[in-house]
2 protein chains.
Amino acid sequence: MNALLEALRVVVGPAHLLTGDADMAPYCRDWRGRYQGQALCVARPGSTGEVAEVVRLCAAAGVPMVPQGGNTGLCGGGVPRGGEVLISLGRLNRVRAVDEDSITVEAGCTLTQVQEAARAAGRFFPLSLAAEGSATIGGNLSTNAGGVQVLRYGNARDLTLGLEVVLPDGRCWNGLRRLRKDNTGYDLKHWFIGAEGSLGLITAAVLKLYPPLRATATAWVAVADPARAVALLSRLRQHLGDRISAFELIGHSALEMVLRHIPGSRAPLDKAHPWYVLVELTDTLVADLTAPLTSVLADASLAGEVKDGAIAASEIQARDFWRLRENISEAQRIEGISIKHDVAVPIARIAEFIARADQALVSEFPGARIVCFGHVGDGNLHYNPSRPAVQDNDAFIAQTPRVNRIVHDLVHGLGGSISAEHGLGQLKRDEILRYKSGLEMELMRSLKQALDPCCLMNPGKVL
Amino acid sequence: MNALLEALRVVVGPAHLLTGDADMAPYCRDWRGRYQGQALCVARPGSTGEVAEVVRLCAAAGVPMVPQGGNTGLCGGGVPRGGEVLISLGRLNRVRAVDEDSITVEAGCTLTQVQEAARAAGRFFPLSLAAEGSATIGGNLSTNAGGVQVLRYGNARDLTLGLEVVLPDGRCWNGLRRLRKDNTGYDLKHWFIGAEGSLGLITAAVLKLYPPLRATATAWVAVADPARAVALLSRLRQHLGDRISAFELIGHSALEMVLRHIPGSRAPLDKAHPWYVLVELTDTLVADLTAPLTSVLADASLAGEVKDGAIAASEIQARDFWRLRENISEAQRIEGISIKHDVAVPIARIAEFIARADQALVSEFPGARIVCFGHVGDGNLHYNPSRPAVQDNDAFIAQTPRVNRIVHDLVHGLGGSISAEHGLGQLKRDEILRYKSGLEMELMRSLKQALDPCCLMNPGKVL
């Protein structure tokens with residue numbers, strides 16, 4: 001091991017090979033404190049060439065590796081389990097090129113940095129999520145991140161034109177194509193997107209850019225139940241077509257938590273309602289979106305779909321609405337532990353899922369409090385039960401496997417996914433075995449075996 | 001072999017196992033007459049279960065298979081080379097389900113059938129290409145088809161939510177998910193899309209649906225050269241954002257051929273110009289797109305980007321413009337053989353590519369006539385040189401390898417692709433070896449080896 005550490009030190013430079021416990025601590029634990037493991041060392045390569053050399057040395061020594069970006073993951077995918085060389089991509093943070101169509105960035109660029117580089121070029125990069133200030137694009141791609149603009153622009157995968165990947169043996173595949181069309185054989189980039197570093201290490205990417213948005217209208221709407229929220233989505237689609245860029249469902253208990261824990265937050269409506277929807281319309285042309293939104297909401301109100309609503313009168317007010325949505329996770333962190341689920345079902349089954357999951361949980365765990373919110377336009381819900389009193393909650397959290405079973409079995413029965421946008425990591429690696437067919441697992445393993453026969457890339461994650 | 005034929009006959013029924021030369025002839029030759037091979041038999045299974053059983057029997061007998069959809073391919077990917085069981089998917093043509101978000105269709109549905117089923121449900125399926133009346137969705141997915149709406153909606157891959165695939169050993173993977181988000185491991189559907197049947201046989205797919213289009217504006221514009229066309233695209237993007245749904249470049253020689261060979265076609269402008277652009281704007285809301293298009297074209301005219309132009313005054317006129325574009329391939333077929341290239345380069349390099357390719361070809365082959373047209377918004381050009389006189393042309397066609405070398409080397413040097421939307425098939429299987437890195441070929445072969453170790457699925461295509 002000392003020989004490996006010495007060799008790695010030569011590659012990345014002494015300042016960028018961390019071996020002391022205190023130096024390594026921030027890398028060896030996730031931000032929520034759920035996952036922790038002792039890495040052999042933390043290597044911080046400064047270029048793709050250095051990454052390749054680090055991987056080559058580890059592979060030759062038979063030592064496993066964990067790639068890590070901003071360490072903002074929720075499933076422990078970027079945290080060591082013990083004994084790995086942790087490869088932190090943070091120093092690969094250059095924007096290599098930008099033009100009207102695409103931006104070429106290194107894996108360690110934060111998502112905010114990519115968004116800002118696009119904006120500086122007069123273009124728009126639509127991927128957006130709460131952790132964007134710290135989350136890196138390499139991690140976003142490795143988990144095929146979603147976020148709040150998926151309804152219109154798709155997931156991280158859909159925004160990718162090309163990749164540069166260091167393979168498990170240290171060779172580098174340069175797939176940094178800037179083309180919208182390329183049908184010369186198997187499209188390798190899709191193997192690595194969403195693979196959570198288990199097939200290789202993404203070092204750079206070419207991402208699509210879009211026309212900038214020149215008009216926005218944002219509304220905070222109260223609805224009686226999720227079925228009416230889905231009906232409202234359908235109505236909005238009917239009348240406003242592809243102007244709908246976000247449609248976020250927020251349960252009252254989620255809003256309550258934000259109001260309690262996040263300073264400066266304020267309820268948009270005078271009265272409380274069981275459910276809310278945050279709707280955003282956008283346009284790439286200068287246009288009045290407020291008038292058509294008001295008109296559709298008025299019709300929805302007459303049809304009984306909408307109880308009350310407020311349309312943001314200014315950009316500041318719109319940002320305030322969004323801040324309520326974006327702070328749900330943080331508020332819940334302050335409130336205490338909950339059992340988190342990141343699930344997707346077909347949009348038409350959303351109301352059924354929530355009703356049946358609520359009923360099943362409350363009947364088995366009386367007093368359970370459910371914080372439910374998410375991207376209804378994508379069929380994606382974050383469904384997080386807990387119990388209000390700390391003692392009761394400890395006992396409830398101990399029942400996590402049973403709670404997961406109830407929620408995930410229901411999701412699966414509705415044709416859904418038990419991980420919509422967070423990946424599998426360590427958290428759902430075993431859980432997935434219950435729901436994926438044996439054939440699908442076999443296919444996944446066959447690619448893993450072909451690319452990483454010694455299982456050195458992020459072992460214990462995904463597969 | 002007789003035992004296999006007997007067993008296949010039992011599976012698909014006697015009426016659907018063809019063995020006579022005359023019966024098999026239409027399946028064994030592509031529509032342009034470029035590729036031909038004798039199949040062992042043609043099996044026309046009527047269900048996914050029958051496909052699986054056919055594949056299982058062939059695999060057990062060690063007999064290779066060729067899947068075929070509408071037989072409209074341009075690279076010989078669906079034509080037998082000799083001795084294969086040809087599996088025609090034409091009888092798998094049911095629309096299994098349709099809702100607001102997605103449509104589930106069997107592989108043998110024609111593209112037109114899918115478009116119409118979406119329309120009947122009040123939604124829009126954007127994939128569109130000249131052969132859509134015969135081309136099947138299974139073939140579209142297996143070649144990751146492009147067409148005229150890619151600029152706004154992406155390729156066939158981007159429109160796919162889920163797949164059902166019969167694997168090379170006859171087992172069936174049911175990946176017919178209707179979810180917009182699913183991050184539970186490797187996304188297997190991307191292995192099979194664009195693989196031209198070499199990894200398995202797509203039997204059904206879940207495809208995304210979009211809001212219907214309620215407004216359109218179409219213009220036929222004359223420009224002096226490709227550089228000005230690209231400048232015009234940039235200007236349109238700047239002012240009209242994502243309303244631009246098509247931007248097709250058409251060289252004068254392409255238009256001339258259509259006018260000569262296609263009855264009822266008429267030049268949109270009084271005078272001839274070296275290059276034209278067919279621009280289409282669309283909107284999912286009812287809106288006037290003609291006024292903003294007129295205004296941007298007027299500015300472009302002042303800036304010297306546009307020489308002349310006509311905005312379609314009616315849907316009929318717009319269809320006439322499109323018919324000119326869509327009939328280029330047919331006109332060229334009538335005119336005689338040309339050496340076809342389906343290439344992509346970064347949009348910023350389009351003008352340079354055309355200028356350099358023209359110059360290199362004309363200097364080596366004086367008198368060469370170049371028909372160039374394509375989807376400039378996607379960086380995709382169809383670049384088809386020939387020689388006007390039949391005798392000269394025969395000699396020219398004999399020089400195909402040399403012509404390909406000139407064109408493809410240039411494309412590669414500009415960071416482009418030698419197959420943008422037609423796939424590799426038999427046509428470019430060897431050519432690609434010159435341009436793909438050894439590492440990329442090795443990665444492709446590793447998946448092929450993992451899934452189809454006996455090389456029974458569409459041998460001699462892609463790899």
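**Cavities and the chain interface**

Tutor: Happy to! This is a predicted model. The second largest cavity is lined by A:Asp101, A:Arg178, A:Leu179 and A:Arg180 together with B:Val345, B:Pro346, B:Ile347, B:Asp378 and B:Gly379.

Student: What volume does the second largest cavity have?

Tutor: The volume of the second largest cavity is about 50 Å³.

Student: And how many nonpolar, polar and charged residues are in its lining?

Tutor: The lining of that cavity has 4 nonpolar, 4 charged and 1 polar residue.

Student: How many cavities of 30 Å³ or more are there?

Tutor: The count is 3 cavities of 30 Å³ or more.

Student: OK, switching to the interface. How many residues of chain B are in contact with chain A?

Tutor: On chain B, 78 residues are in contact with 78 residues of chain A. The area buried between the two chains is about 6500 Å², with carbon and sulfur atoms giving 51% of that area.

Student: Which three residues supply more than any other three of the area chain B buries there?

Tutor: Those are B:Lys181, B:Asn183 and B:Tyr186, which supply 15% of the area that chain B buries against chain A.

Student: Nice. How many salt bridges are found across the interface?

Tutor: There are 18 salt bridges between chain B and chain A. One of the salt bridges pairs A:Arg177 with B:Glu440, whose closest N and O atoms are 2.6 Å apart.

Student: Which helix of chain B gives the most to the side that touches chain A?

Tutor: That's helix 16 of chain B, with 10 residues. By class, the side of chain B touching chain A has 29 nonpolar, 24 polar and 25 charged residues.

Conventions
Residues numbered from 1 in each chain as written. Chains lettered and ligands numbered in written order. Predicted model: local features only at pLDDT ≥ 70, side-chain atom pairs only at ≥ 80, totals over all residues. Heavy atoms only, no water. 1 Å grid on protein atoms, 1.4 Å probe; cavity = no way out; pocket = protein on both sides within 12 Å on 5 of 7 lines; lining within 4 Å. Points joined across faces, edges and corners; volume = space filled by probe spheres on them. Nonpolar A, V, L, I, M, F, W, Y, C, P; charged D, E, K, R; others polar. Contact = heavy atoms within 4.5 Å. Buried area = accessible area lost by both parts, 1.4 Å probe. Salt bridge = Lys/Arg side-chain N within 4 Å of Asp/Glu carboxyl O. Helix = DSSP H or I, 4+ residues; strand = E, 2+ residues; numbered from the N terminus.
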